[in-house]
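Here are my notes for someone opening this one for the first time. Have a look at the picture, then read the points in order.

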Amino acid sequence: METPVRPTRQRPGPALLFGAALLTAGPAAIHLAVAPMHFQEWVPFGLLFVAAGALQLAAATAMLFRPSRRLFLAAGAGTLGIVAVYLVSRTTGVPVGPNPWRPEMVGFPDIACTAMELVSLPLFAVAAFRRSRERRRHPVRVVLAAAPATLLAVALTYVGTGTAGAGMPVAYDVAPMVPGRASTSVDLLTAPPGDEPVRSFTLTAEVARIGGVDAWTFDGTVPGPELRVVQGDRLRVTLVNHLPASTTIHWHGVPGLPNAEDGVAGITQQAVPPGRSMTYEFVADAPGTYWYHSHQDTSDQITRGLFGALVVEPRSGPTEDRDDTVLLHDAPNGGVAVNGTSDLRLAARPGETVRLRVVNAVAPGMDGTPEAPVLLGAPYRVVALDGRDLNQPQQLGPQRIAIGMGQRADLVFTMPASGAVRLVDTESQSHSSGVQGAIAALAGAARLPAVTIGDGPLPAAAHPDALPAFDPLHYGAPASDPVAAARADASYPIVLTEQPGFHSGSIQLVHEINGAASPNVPPIVVREGQVVRLHIVNETAEYHPMHLHGHTMSVLSRDGQPDAGSPVRLDTVLIGPHETWDVAFLADNPGLWMFHCHVLLHASFGLTMSIDYTGISTPYSMGTRSGNMPE
Ligand code: C2O
Ligand code: CU
C-alpha cells in the first residue's frame, strides 16, 4: 500500500485523464485513417494528417503518464486549431492544395472526429484549471465517471475509422492504360461512319418546376421527350447541360451500342459539366422498346427526373394500329405516375390493335419490388420483353406482369367492340395505399396510376391477389436460341448478399457481389466471341433486376428449371428473393460494360461491377477527383 501523500500540485482525477486521452486518441486514429486518401489528393495534405495524428497520439499518451497543466493547454490550443481549419475547409475551402477555395464535402469521418475534439476541449480546460478534490476515489466510481467519455470515444472512433477505411475513392480507373502494353481506348469505340438516315435530337438537361418541386429534366418535362426512330436510323443526340451538376445519358438496353456512347461517367466518358454539351451517336439496328437516363450520380439523378423513353420502330412499319409508350416512373412530387400523369388516357377505337410499350423507371425501395401492371378488358399477348420479341406468345387473361426497374414489356391487344381497356399498376397501388387502394383502383376508382385505353365503361375489376403472376419462362413456344444452345466458353458465379457495414464513406446496408462491394468487385474479363455464362445467386430477400450494358442475356434457367417457353432475351434480369438464375451472353461488343442492379439504392450501396473486354482501356476514372460517380 502506498501511503497517501498530499502532493503540492494535485493531478486531475484518473477518470478525467482517461476520458481526455481517449478523446484525443480517437481523432488521432481517424486522422491517420484518412491520411492515405489525402496523400492521393496532395502530398502536403497527407503529411499534415499524419502529423496531426502523430501529435494527438503523443498527447494522449502524455495525458495518461505525464499529465501537466502545460500539456492540457497545448492540447487545447492544438485542438482548437484543428477544428478551425476543419470549419474553413468545409465552408470557404482552404487556400492551398489542388482545389484552392473549394469547400470539401462533410462526411462521417470528419463529423466523428470533430465531435470528439469538441467534447475534449472542456475536459482539457477542467484538467488544466481545476484541482481535483477527491484524490482517492473508489475504483468503481472512477470507472463510472470515465464511462461516458469512453463510450463516446469508442463509438465515434469505430464509425470514423470504419467509414474512412471504406471511403469514396479519390480516383478509380476500371481499366487503366498500362504503359508498354497496347490497348484500345473506349474513346475509339464509336459508331463507324455510314449513310444511314440521320435523326438529330437535342436534349437539354435543366431544372424545371413540376408539381411544386424543382425537378431535374430533359427539356423541362418528366419524363423527358420520347425519342421515336425507325430501325436503321442513325441517332445523333446532343446533350446540353444546364443543370447545376454534371450529367450524362445512357442508352439503356440498346443492343450493339458502341461503348463510347454508353454514357457511364468515369468509365466511358467524363461527365458533362454544367454549361457544356456532348453529342452521342449510334445506329438503332434493333427495333424495340428502350429508354435513356443519366448515368452520373444515377441514384440521385434518375429520381430527380432525368430519363425518357426510346422507341425503335421496325423498318417494315408499325405492326399495330396504335403504338403507345407507357412509362411508369416516380412523380417529382411523390407517388408513381405514367407519362407524367396519374391517369393516362389513350385513344383507340373498337377493333383497333394496340401496342403498349411498358417501361418501368420507378425507383423502388430497399426491397427492390418490381411494378406489376395488370391489363383488364381484353385478352392480350406479351409480345416482347426488354425490346426483344418472344416466340409465338399466346393470349392471356388478367395477370400481374412483374417488371423490375429498368425492364420493359410490350403488350398487344385488340380493342373490344365496346368499353375501355385498362392497365392498372397493382404493385404501386399496394405501395401507395395498401390493399384497399389496390382494390379501389381495380374497381375503377382512378386515383392511382392507371392507363385507360378507348372510351366507354371500364372493365370489371379483379382482386390483384387473386390474379396469376405472368411467368416468362412458361410462355410462348420454344425456338432455337444460338447463345442459349452454345457451350459456354467461360462461366462465372455472381453471388448477391447484403449486410450493414461501411461503404462510400458512410454506414450503409452494403450490397456485395461475391463478397465485395463496388468499386472493389473484380471485373469479369472476356474476349470477343466468347459465350459467357453467369450463375446468379440471390442470397437476399430482395429483388435485384440485374442489368448488363451493351449486351443481350439469354435466360437458361431459374432455380435449376430450364426455360420451358419462348427464348427469353433480356438486358435486365429480375432475380427474385433467394432465386438463382443462369443466363448467357455472347461477347460481341468490345468495351468496358457495367453490370449492376437497377435498384438504384442497391447499386449505390455496392451492387455494381464491370465486364471488361481484354485489350480495352479507359482514360476516365471515377471518384472525388474527377467528380465521376456512375452510381
Ligand atoms: Cu439503366 Cu447502368 O443502367
Ligand atoms: Cu438489387
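1. A definition to begin with: two strands count as paired if DSSP finds at least two bridges between them. Also keep in mind that this is a predicted model. With that settled, take the open sheet of four strands, ordered S3-S2-S5-S7 and mixed in its pairing. Strand S3 (213-218) and strand S7 (277-283) sit at the edges with a single partner strand each, so each has one side without a neighbour in the sheet. From one strand to the next, the twist averages 20°.

2. Inside that sheet, look at strand S2 (residues 198-210) and strand S5 (residues 234-241): they run parallel and are joined by eight bridges. If you want one pair to click on, threonine 202 has threonine 238 in S5 as its bridge partner.

3. Now step back to the whole chain. It has nine helices and 32 strands, and its C-alpha atoms fill a box of roughly 105 × 65 × 50 Å along the principal axes. Of its 631 residues, 53% count as buried. Take the contacts between residues at least 6 apart in sequence: 78% of these join residues at least 24 apart.

4. How do helix H1 (residues 14-41) and helix H5 (residues 139-165) cross? Their axes come within 8 Å, at an angle of roughly 0°. Angles under 35 degrees count as roughly parallel, which is why H1 is described as roughly parallel to H5. Residues meeting there include Phe18, Leu22 and Ile30 in H1, and Val142, Leu152 and Leu156 in H5. By class, the contact has 17 nonpolar residues, six polar ones and no charged ones.

5. In S4, Leu227 and Val229 make up the covered face, while Arg228 and Val230 are on the uncovered one. S4 pairs with strand S9 (residues 307-313) in the parallel sense, over four bridges, and arginine 228 stands opposite valine 311 in S9.

6. Which residues coordinate the copper ion (ligand 2)? They are His544 (ND1), Cys597 (SG) and His602 (ND1), at 2.0 to 2.1 Å. The donor spacing in sequence reads H-x52-C-x4-H. Histidine 544 in strand S24 (residues 544-548) and cysteine 597 in strand S30 (residues 592-597) are 53 residues apart, a pair linking distant parts of the chain. Histidine 544 and cysteine 597 are both buried.

Terms used
Residues numbered from 1 in each chain as written. Chains lettered and ligands numbered in written order. Predicted model: local features only at pLDDT ≥ 70, side-chain atom pairs only at ≥ 80, totals over all residues. Heavy atoms only, no water. Axes fitted to C-alpha atoms, helices over the stretch in contact; angles between N-to-C directions. Helix = DSSP H or I, 4+ residues; strand = E, 2+ residues; numbered from the N terminus. Parallel < 35°, antiparallel > 145°, perpendicular 65-115°, else oblique. Contact = heavy atoms within 4.5 Å. Nonpolar A, V, L, I, M, F, W, Y, C, P; charged D, E, K, R; others polar. Buried < 20%, exposed > 50% of the residue type's maximum accessible area, 1.4 Å probe, protein only. Donors = N, O, S within 2.8 Å, 3.2 Å for Na, K, Ca; no water.
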